[in-house]
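Q: Could you show me how to read a contact between helices, and then a pocket, in a model of this kind?

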Amino acid sequence: MIYELREYVTVPGRMPALVNRFNEHTLRIFAKHDMELTFISLTGLGDNSNNELVYVLRFDDYGDMERKWAAFQADPEWQKARAASEEDGPIVAQLRRRVLNPTPFESR
């Protein structure tokens, strides 16, 4: 199993549009493509605390992740929702993405 951590820094003033897109479209389309959301939050303290959304998805492996993202990106419903949400301009200024591999740790 792997986890993908994604951090979206929005264009100033565009966080409401991103939150709306997630609530109205993205989360449902994730579920449609069996993309397991394990965590989602706005950054409350620290760098980008006014304009950052962070979430984590769980996948079986790298192949599973690539297949599901490809299906999500190709989904006409997603393409339409994304285009509509960006009619007033871009929402995301920067995207940071990390893939995390859980490793057993020993407690000492």
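Q: Which residues of α1 meet which residues of α3?

A: In this predicted model, Arg 21, His 25, Thr 26, Arg 28, Ile 29 and Lys 32 of α1 meet Glu 77, Trp 78, Ala 81, Arg 82 and Ser 85 of α3, where contact means heavy atoms within 4.5 Å. By class, this contact of α1 with α3 has 3 nonpolar, 3 polar and 5 charged residues. Local features need pLDDT of at least 70 and side-chain atom pairs count only at pLDDT 80 or more, while totals for chains, interfaces and linings use all residues. Residues are numbered from 1 along each chain as its sequence is written, and side-chain values use heavy atoms, with hydrogens and water left out.

Q: How are α1 and α3 packed, by angle and axes?

A: Two packed helices are described by the angle between their axes and the distance between the axes. Here α1 (residues 15-32) and α3 (residues 76-85) pack at about 165°, with their axes 10 Å apart. That makes α1 roughly antiparallel to α3 (angles over 145 degrees).

Q: Which residues lie nearest the centre of the largest pocket?

A: They are Arg 6, Tyr 8, Arg 21, Trp 78 and Arg 82, among 15 lining residues, a lining residue having an atom within 4 Å of a point of the pocket's 1 Å grid. The elements giving two or more residues to this lining are β1 (2-10), α1, α2 (62-74), α3 and β4 (92-100), and α1 gives the most, with 4 residues. By class, the lining has 9 nonpolar, 2 polar and 4 charged residues.

Technical notes: Axes fitted to C-alpha atoms, helices over the stretch in contact; angles between N-to-C directions. Parallel < 35°, antiparallel > 145°, perpendicular 65-115°, else oblique. Nonpolar A, V, L, I, M, F, W, Y, C, P; charged D, E, K, R; others polar. 1 Å grid on protein atoms, 1.4 Å probe; cavity = no way out; pocket = protein on both sides within 12 Å on 5 of 7 lines; lining within 4 Å.
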